[in-house]
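Subject: The structure for you to look at

Hi,

Here is the structure I said I would pass on. Have a look at it first, and then read my notes below.

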Amino acid sequence: MEENKLTMDKLVSHCKNTGIVYPGSDIYDGLANTWDYGPVGVELKNNIKKLWWKRFVQESENSFGVDAAIMMNPRVWEASGHVASFTDPKMDCKNCRARMRADNLIEQHSKGTVDVDAMTNDEMQAYIDEHHVNCPVCGNFNWTPIRQFHLMFETSRGLAGDEKDIIYLRPETAQGEFVNFLNVQRTTRAKVPFGIGQIGKAFRNEITPGNFTFRTIEFEQMEHQMFCKNEEQGFKYYAEYKEMAMQFLIDLGFNKEHLDFKDHEKLAFYAKAACDIIFKYPFGWNELNGIHYRTDYDLARHQEFSGKNMYYLDPVTNEKYIPHDVEYSIGADRLTLAMLCEAYSEETLEGGDTRVVMHFHPAVAPYKVAVLPLQKNLSEKAREVYKKLSKHFMCTFDEAGSIGKRYRRQDQIGTPYCVTIDFDTLENNTVTLRDRDTMEQIRLDINELETYVNSKLAF
Ligand code: ATP
């Protein structure tokens, strides 16, 4: 079996054609940088979210979930620092009006050899002038100076135009965990160290759209904050969460060679350690998720801005302190994208036929089983099987076209098992079960199917 190189264009068109992801507002020619998940994609992303929740909330005795409001009191974003400094360095091309991020221009120009995170605006400006970095869209060198561009989306409630009424769409889910720290601690009677996890939408007015769902203006984050006592515990959990984050990806089916850690060279003044896990996307190595040891900064800031006590009282030692936090954050959409890139393969079969296969872990696969009657007059029996299995997992039913074509359609969306109903089924209640990866077929009794498929879904 041969493999062909995946490009982003190929992936975008594969996703559109198979119902995984469509361009947002498609019939109106789209809205830049928005995407809609189709019937297959919504299952895929939901499975990824469920597995994340299982690993980081359900299986951890001292972790609890929340689902906080997207719109929060604007003071939250003053406390978090977003109002003052959640900006990107933008430049406009005076020739073609393309809007670019100066840091991205330098990253692309230097092919990742320059550490842009460590550069000031003046240093970025100097680099762009010195290296004569042209506009990637029109090729001219005719930039406006670098200006800071605010990334939070604003909306208003009440009287329009009254500054007091401006509220923001949250640019990260993390603050929902911080503001609920004491609520969760009190209501669960949790003892520090404990964690709070959340999955939810975040919004950023990103300047440089592109690369499919990698960077969008609306996306979902899966975040977990681990609250602990002090620096010693902070570094311990930082190391632990780095390992857990990597193991989660490997368990999802990622090849270790396509993942790496990248330490942040420039730390925020309050942070003691930070790194990303980077993934080898078709367009190059880039961030997949982040792990940050943020000390007691976030809770202390909320204490300062809200005027509410954020201290934790240790019931055993009677010590009173503001807990430290280790944050783990990953985009559900970005992880879904990485998963799509990792799973995609084009294979040449014996006899010269080709197939596109998504090699998803069965627990991740959108549909677990496709039920296929060999001929239309077996549909009634096949529907019985569909009805029985769909009580336990997502199934799909397909009776159109040759069986070979139907197998290919399921390979394209990564369905791990195809169950074919033939004339023997009517005689002895057995079906053929075809494995997506090996393409081998076995004969099973209909009553064995649920247990067989379930045994492959363990995660
Ligand atoms: P980047 O450097 O790629 O802009 P970031 O460092 O600003 O990301 P964080 O604020 O740490 O990202 O967000 C945590 C995670 O949320 C990221 O690792 C990524 O998976 C996801 N994420 C952030 N911004 C976006 C976006 N615009 N679109 C999709 N996912 C995003």
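Is Tyr452 buried, partly exposed or exposed? Tyr452 is partly exposed, with a relative accessible area of 23%. Here buried stands for under 20% relative accessible area, exposed for over 50%, and partly exposed for what lies in between, using a 1.4 Å probe and protein chains only.

Before going on, a word on the source: this is a predicted model, where local features need pLDDT of at least 70 and side-chain atom pairs count only at pLDDT 80 or more, while totals for chains, interfaces and linings use all residues. Residues are numbered from 1 along each chain as its sequence is written, and side-chain values use heavy atoms, with hydrogens and water left out.

Now the aromatic rings. A search of the whole structure turns up 25 aromatic pairs. Rings of Phe, Tyr and Trp (its six-membered ring) pair if their centres lie within 6.5 Å; planes under 30 degrees apart are called stacked, over 60 edge-to-face, and the rest tilted. Trp35 and Phe212 have ring centres 4.7 Å apart and planes at 85°, so this pair is edge-to-face. Trp35 is in strand S2 (residues 35-37) and Phe212 in the loop between strand S9 (194-203) and strand S10 (218-228), so the pair links parts of the chain 177 residues apart. (Helices, H or I with at least four residues, and strands, E with at least two, are DSSP runs numbered from the N terminus.) Phe212 is buried at 5% relative accessible area, whereas Trp35 is partly exposed at 24%.

Back to Tyr452: its ring forms an edge-to-face pair with Tyr417, 5.8 Å centre to centre and with 80° between the planes. Tyr417 lies in strand S21 (residues 417-421) and Tyr452 in helix H15 (residues 449-456), so the pair ties together parts that are 35 residues apart in sequence. Tyr417 is buried, with a relative accessible area of 4%.

Next, the ligand. It is surrounded by 15 residues, and the closest are Glu206, Arg215, Thr216, Glu287 and Leu288; a residue is near if one of its heavy atoms lies within 4 Å. S13 (284-293) is one of the strands that supply at least two residues of this shell, and S13 gives the largest share, 4 residues. An oxygen atom of the ligand is 2.7 Å from an N or O atom in the side chain of Glu287, and a polar side-chain atom of Arg334 lies 3.0 Å from a ligand oxygen. The protein covers 84% of the 580 Å² of accessible area that the ligand has on its own (areas come from the Shrake-Rupley method with a 1.4 Å probe; for residues, only the protein chains shown count as cover).

Most residues other than glycine have a negative phi, and most peptide bonds are trans. Val192 and Pro193, however, are joined by a cis peptide bond, with omega about 5°. Arg97, not a glycine, has a positive phi of about 70°; it lies in the loop between strand S4 (87-92) and strand S5 (99-101) and is exposed, at 73% relative accessible area.

Cheers

Notes:
Polar contact = N/O pair within 3.5 Å; in protein donor to acceptor, adjacent residues only side chain to side chain.
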